Amino acid sequence: MPELPEVETIVRTLAPRVLGKRIAAWETLQPGVPEAGAELLPLLRNMRITRVFRRAKLLLICLSADYVKNGVNDLILAFHFKMTGRFFIHPKGTAPLKHTRLILDMDDGGRLFFDDARKFGYCRVMRPNDLKDWPFFASLGPEPLELSPEELAGHLAARFDKRGVSVKAALLDQTIIAGIGNIYADESLFAAGLAPHRPAGTVNGEKLLALARAVQETLLRSIRECGSSIRDYRDALGNAGAFQNSFQVYGRKGERCPVCKRPLRAARIAGRGTVYCPRCQQ
DNA sequence: ACGAGATCCTGTCAGC
DNA sequence: TGCTGACAGGATCTCG
């Protein structure tokens, strides 16, 4: 399930392979793809990929035309991978896979596949102004790695204040902080020694700073290890990540806490499977 | 206004 | 062996 570190890894493996390339052709293989901007797809032909970047869990690809066509000079492709979305670079001539939803052919013959078995993911074709007007994009909270620990703690303090919702639900709320999903919420809460069901509004002071540091360190460590591969995730070149080998609690229900050796407990919090240590996390 | 729960989807796995 | 049901979860929607 690509979260911030996984999407970041896809960007890092994708960018050097596609920057400067032109789109030679495009092909959609399922209805509803893209979910927005289908009428802009024909304009992609001959556009050059000028930038590949990440915002929250979104992969964004910027393209520019050599001249204005139909009043459009620049387009942005936005991909959200949700649970099982993938983004691959395949060699020339590769046939669509079972779950391929969109193919972009580049002028060097490389084929970009957007695959998604569970169909939760989506892509959108947008003009630059469409991106700004997209409510989901506009509502996203700050990037956790673009703030200092103190700034992040201060931001969380303001957003957690008087909130009765669990601290885990607050971490998953993309309008509070962008890019965290179930894996990194559980791992960060364990690292910070915070119980996931604790009301967000009761977390403050040193605990909040510890949480900010835990979020940043967990995300950075995962990025260094090219993300977590549970079952579906791969980077743009098909490689698995390694951070799943460093999980302290996620997916380890019933196993022993790495710190106090007592059994880890599972619960359903914020509608998500949650694993934590009832002794180490208060 | 806020929070909880249902919903979308399909591959995988446990249990019988 | 083959079937059934539970489960995975990001974001959105509905309901209380």
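Two residues count as being in contact if their C-beta atoms, placed from the backbone, lie within 7 Å. Keep that in mind for the first view of this predicted model.

**View 1. The contacts of Ile-180.** Leaving aside residues up to four places away in sequence, Ile-180 touches Glu-3, Leu-4, Leu-171, Leu-172, Ala-185 and Val-215.

**View 2. The largest nonpolar core.** Let us step back to the core that Ile-180 belongs to. This core has 69 residues, and those touching the most other members are Leu-75, Leu-77, Phe-79, Phe-87, Ile-180, Leu-211 and Tyr-276. Helix H6 (residues 182–192) gives the most to the core, with seven residues. Because domain 1 (4–139) and domain 2 (144–276) both give residues to it, the core lies between them.

**View 3. The hairpin of S9 and S10.** Here strand S9 (residues 265–269) and strand S10 (residues 272–276) run antiparallel, joined by five bridges. Look for Ala-267, which stands opposite Thr-274 in S10. Two residues sit between the strands, and in this hairpin Ala-270 takes a positive phi near 55 degrees.

**View 4. Around DNA strand C.** There are 15 residues around DNA strand C, and Met-83, Phe-136, Gly-181, Asn-182 and Gly-273 come nearest.

Note on methods
Residues numbered from 1 in each chain as written. Chains lettered and ligands numbered in written order. Predicted model: local features only at pLDDT ≥ 70, side-chain atom pairs only at ≥ 80, totals over all residues. Near = placed C-beta within 6 Å. Core = buried A, V, L, I, M, F, W, Y, C linked by C-beta atoms within 7 Å. Buried ≥ 20, exposed ≤ 12 C-beta atoms within 10 Å, placed from the backbone. Helix = DSSP H or I, 4+ residues; strand = E, 2+ residues; numbered from the N terminus. Domains from an automatic or database assignment. Pairing = 2+ DSSP bridges.
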